[in-house]
Amino acid sequence: MDTAVTDPYADLHQSYGRCLRDKEFIGRFYDVFLASNPEVPAMFAHTDFSKQRLALRRGITMAIFHAGGSRVVDRGINEMAAVHASGGRCPVPAALYKDWVASLLKVVEEADPEADEALMARWREALGVVVGTFQGRDAAQATPESPAQAGARGLFSRVMQGLRPVSR
Ligand code: HEM
């Protein structure tokens, strides 16, 4: 892909490509991740892993583009953040993100023959950006509305009530 050439994380796109040459790569990630924390398996109890593996495969590509500052993947990143937010379909306790990152780093290090300390530091940095985005998005949603917003909402509802036909 052309974009990968100018992408600040072109090295990670290439590393990920080398990982994916092994068809079992994503499956191995889930083996490691499910074993990483006793809270994780229950969360995937009803998951169709044939779909999930494909979703994550694409999700990691989006994550690398996002970490590099690309806006092209904003929609996908927003969707993933929403799925994992506290009010989402699969709310993720904040503490589990570090297990997710550690699991991915482990399988990358094992799968990419060119993995060295410098490359793994780049991976850690890029994944940190995505996790930060997910958690930042979640915190933004959880932020209570400001008094000004609450006031405006109160005014809006009073006006709307005033417009409603009065039933006597
Ligand atoms: C930045 C890290 C993560 C990325 C990029 C990611 C990505 C994804 C993607 C792409 C999906 C599929 C969404 C869909 O079906 O619409 C998904 C689903 C899911 N993720 Fe994550 N995820 C991350 C972290 C985590 C963590 C830390 C957990 C903790 C257990 C987790 C648990 C789940 C669960 C339970 C599902 C739903 C599976 C189902 O549909 O049954 N994810 N994730």
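How many C-beta neighbours inside 10 Å does Ser36 have, and what does Ser36 count as?

Mentor: First, the ground rules. This is a predicted model, so local features need pLDDT of at least 70 and side-chain atom pairs count only at pLDDT 80 or more, while totals for chains, interfaces and linings use all residues. Residues are numbered from 1 along each chain as its sequence is written.

Ser36 has 17 C-beta neighbours inside 10 Å, so Ser36 counts as partly exposed. The cut-offs are these: buried means 20 or more other C-beta atoms within 10 Å of the residue's own, exposed means 12 or fewer, and partly exposed is in between, with C-beta atoms placed from the backbone. Ser36 lies in helix α3. Helices here are DSSP runs of H or I with at least four residues, strands are runs of E with at least two, and both are numbered from the N terminus.

Now its partners. Leaving out residues up to four places away in sequence, Ser36 touches Asp99, Ala102 and Ser103. Contact means that two C-beta atoms, placed from the backbone, lie within 7 Å. Ser36 and Ala102 are 66 residues apart along the chain, and their C-alpha atoms are separated by 8.7 Å.

Next, the helix itself. α3 covers residues 25-36, and its axis comes within 10 Å of the axis of α5, crossing at roughly 105°. Axes are lines fitted to C-alpha atoms, for helices over the stretch in contact, and angles run from 0 to 180 degrees between N-to-C directions. α3 and α5 are therefore roughly perpendicular to each other. The classes are under 35 degrees for roughly parallel, over 145 for roughly antiparallel, 65 to 115 for roughly perpendicular, and oblique for the rest. On the α3 side, Ile26, Gly27 and Tyr30 make the contact; on the α5 side, Phe49, Arg53, Leu56 and Arg57 do. By type, the residues of this contact are 4 nonpolar, 1 polar and 2 charged. Nonpolar covers Ala, Val, Leu, Ile, Met, Phe, Trp, Tyr, Cys and Pro; charged covers Asp, Glu, Lys and Arg; the others, Gly among them, are polar.

α5 has another partner. Helix α2 (residues 10-20) packs with α5 (residues 49-67) at about 165°, and the axes are 9 Å apart. That angle makes α2 roughly antiparallel to α5. The crossing of α2 past α5 is right-handed, a term for the near helix being turned clockwise from the far one by less than a right angle, with anticlockwise giving left-handed. Leu12, His13 and Tyr16 of α2 meet Ile60, Thr61 and Ile64 of α5. That contact holds 4 nonpolar, 2 polar and no charged residues.

The ligand is surrounded by 21 residues, and the closest are Thr47, Ala55, Gly59, Cys90 and Trp100. A residue is near a molecule or strand if its C-beta atom, placed from the backbone, lies within 6 Å of it. Two or more shell residues come from each of α4 (40-43), α5, α6 (74-84), α7 (96-111) and α8 (117-142). α5 gives the most, with 5 residues. The shell divides into 16 nonpolar, 5 polar and no charged residues.

Finally, the whole chain. The protein has 9 helices and 0 strands. Buried residues are 19% of its 168 residues. Among contacts with a separation of 6 or more, 71% join residues 24 or more positions apart.
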